Amino acid sequence: MDDVKIGEILLPGDPDTQESREQQVRAKFWPKMKRVISKVPFARDAAAAYYCAVDKNTPFRAKGVLFAALGYFILPMDAIPDIFAVVGFTDDIAVLTAALAMIRAHITMEHYDAADAAIEAMKQE
């Protein structure tokens, strides 16, 4: 994936676009994570990004970037289909890494603590 493509994916969008993405991410993020957690090397970052995106203290633009990245992750088909084990997640890793770099100041240890707890709970199921 090139930077232009990632840049296009990570546009925060207008309020209506962001609300639509938020609804999709809230509905589909955890079910997808449960299905792929053993194959996703970036599960902790993805879960922390989710908690940052739904945090009321996260600024609108940062939320938009995160919902765009997480929306890309939950898409059933993307640039490299996720059915190809770890290789299928390389585009998702690139998008999430770019998003985290853009909003790094807004993601907190509390988001990572919540991510750790959620991942641990999934592994216990």
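Student: Is W30 buried or exposed?

Tutor: This is a predicted model, so the value is computed from it. W30 has a relative accessible area of 17%. The cut-off for buried is under 20%. So W30 is buried.

Student: What kind of aromatic pair do F29 and W30 form?

Tutor: Their ring centres lie 4.8 Å apart.

Student: Which kind of pair do Y50 and Y51 make?

Tutor: Here the centres are 5.6 Å apart. The planes stand at 85°, so the pair of Y50 and Y51 is edge-to-face.

Student: Is Y51 buried, partly exposed or exposed?

Tutor: Y50 has 8% relative accessibility and counts as buried. Y51 has 24%. Buried needs under 20% and exposed needs over 50%, so Y51 counts as partly exposed.

Student: Which residue has its charged end over the ring of F73?

Tutor: F73 belongs to a cluster linked by ring pairs, with F29, W30, F42, Y50 and Y51. A charged end sits over the F73 ring, 5.1 Å from its centre. That charged end belongs to K32.

Student: How do helices α4 and α5 run relative to each other?

Tutor: Helix α4 covers residues 60-74 and helix α5 covers residues 90-103. Their axes are 9 Å apart, at an angle of about 170°. Angles over 145 degrees count as roughly antiparallel. So α4 and α5 are roughly antiparallel.

Student: How many nonpolar residues are in the contact of α4 with α5?

Tutor: Residues in the contact include L66 of α4 and L96 of α5. By class, there are no polar residues and two charged ones. The nonpolar count is twelve.

Notes: Residues numbered from 1 in each chain as written. Predicted model: local features only at pLDDT ≥ 70, side-chain atom pairs only at ≥ 80, totals over all residues. Heavy atoms only, no water. Phe/Tyr/Trp six-rings, centres within 6.5 Å; stacked < 30°, edge-to-face > 60°. Buried < 20%, exposed > 50% of the residue type's maximum accessible area, 1.4 Å probe, protein only. Lys NZ or Arg CZ within 6 Å of the ring centre and 35° of its normal. Axes fitted to C-alpha atoms, helices over the stretch in contact; angles between N-to-C directions. Helix = DSSP H or I, 4+ residues; strand = E, 2+ residues; numbered from the N terminus. Parallel < 35°, antiparallel > 145°, perpendicular 65-115°, else oblique. Contact = heavy atoms within 4.5 Å. Nonpolar A, V, L, I, M, F, W, Y, C, P; charged D, E, K, R; others polar.
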